[in-house]
Amino acid sequence: MTTPAQTYANHRALPSPLFIAAFLVLVVNVVWQGIGVFQVPGFGSVMALLVALALVLAMLVARRAAQIIQDRIIRLEMQVRLQRVLPVERHAEAARLTLAQLVALRFASDAELPGLVHEALAQSLSNDAIKRKISDWQADWLRV
C-alpha cells in the first residue's frame with residue numbers, strides 16, 4: 001500500500017480515532033459525574049467528578065508531552081539537516097530560525113531548503129506562510 005503524496009492541503013495530522021473516542025468517553029464521564037454532584041451531593045460524588053476531571057487532564061497532558069518530544073526531535077533533525085544542506089557561512093543564520101519555522105521547513109526538499117531558510121528569516125515568515133511556499137513536499141506521516 002503506497003501512501004499518498006503530501007501537500008499543503010493534506011499535511012495536517014489529526015488525532016487518531018482511538019484517541020478521539022477515548023477522549024469523548026472521558027468528557028461524557030465528566031458530564032455524568034457533574035450531574036451526579038447535583039443529584040446526590042456529597043463527598044463521593046465530588047470525588048468522582050474530580051477523578052473524572054483528572055483523567056481528562058492526564059490524557060491532555062500526556063498528548064502535549066508527546067507533542068513536545070516530537071518538536072524537540074524535529075528541531076534536532078532540522079539542525080542536522082541544515083548543517084548538511086547549507087554552506088558553513090550560513091549555519092549561524094539558520095540558528096535564528098524559530099521552532100515553528102523549523103517545523104514548517106521540515107516538509108521542504110533539500111533543493112529548496114536554503115532559499116526558504118533565507119526567505120523565512122528575511123521576511124519573518126510564519127509556519128503557515130513557509131508551508132505555502134513549499135513546492136516539493138517531503139512527506140512526514142509519522143506524527144503525534
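This report walks through the helices, ring pairs and nonpolar cores of a predicted model.

Start with helix 2, residues 43–85. Helix 2 has 43 residues. From its first C-alpha to its last, the helix reaches 62 Å. That is close to the 63 Å expected at 1.5 Å a residue.

Several of its residues are buried, including Ser-45, Ala-52, Val-56, Met-59 and Arg-63. Further along, Gln-70, Asp-71, Ile-74, Met-78, Arg-81 and Leu-82 are buried as well. What do these buried residues pack against? Their partners are helix 1, helix 3 (91–94), helix 4 and helix 5.

In soluble globular proteins, nonpolar side chains tend to be buried together. Here, the largest nonpolar core has 21 residues. Those with the most contacts inside it are Met-78, Leu-82, Leu-97, Leu-105, Leu-113 and Val-117. Helix 2, helix 4 and helix 5 each supply at least two residues of this core. Which helix gives the most? Helix 5 does, with five residues.

Now look at Leu-113. Set aside its neighbours within four places in sequence. Leu-113 is then in contact with Met-78, Arg-81, Leu-82, Val-85, Leu-105 and Ala-108.

Val-30 belongs to helix 1. Is Val-30 buried or exposed? Its relative accessible area is 17%, so Val-30 counts as buried, the limit being under 20%. Val-30 touches Leu-49, Ala-52, Leu-53 and Val-56, not counting residues up to four places away in sequence. Take Leu-53: Val-30 and Leu-53 are 23 residues apart in sequence. In space, they are 6.1 Å apart, C-alpha to C-alpha.

**Aromatic pairs**

How many aromatic pairs does the structure hold? It holds two. A pair of aromatic rings is described by the distance of the centres and the angle of the planes. The table gives both values.

| Pair | Centre distance | Plane angle | Type |
|---|---|---|---|
| Phe-19 and Phe-23 | 6.3 Å | 5 degrees | stacked |
| Phe-107 and Trp-137 | 4.7 Å | 40 degrees | tilted |

Why is the pair of Phe-19 and Phe-23 stacked? Its planes are at 5 degrees, and planes under 30 degrees apart count as stacked. Both residues lie in helix 1 (residues 17–39). They are four residues apart, about one turn of the helix. Phe-23 counts as partly exposed, at 24% relative accessibility. Arg-63 is one of the buried residues of helix 2.

The rings of Phe-107 and Trp-137 form a tilted pair, with planes at 40 degrees. This pair links distant parts of the chain, 30 residues apart. Phe-107 is in the loop between helix 4 (99–105) and helix 5 (113–122). Trp-137 is in the segment after helix 6 (127–133). Phe-107 is buried, at 1% relative accessibility. Trp-137 is buried too, with a relative accessible area of 14%.

**A residue in a loop**

Finish with Ser-124, in the loop between helix 5 and helix 6. Ser-124 has a positive phi of about 50 degrees although it is not a glycine. Is Ser-124 buried or exposed? Ser-124 is exposed, because its relative accessible area is 60% and exposed means over 50%.

Terms used. Residues numbered from 1 in each chain as written. Predicted model: local features only at pLDDT ≥ 70, side-chain atom pairs only at ≥ 80, totals over all residues. Heavy atoms only, no water. Phe/Tyr/Trp six-rings, centres within 6.5 Å; stacked < 30°, edge-to-face > 60°. Buried < 20%, exposed > 50% of the residue type's maximum accessible area, 1.4 Å probe, protein only. Core = buried A, V, L, I, M, F, W, Y, C linked by side-chain atoms within 4.5 Å. Contact = heavy atoms within 4.5 Å. Expected span 1.5 Å × (residues − 1).
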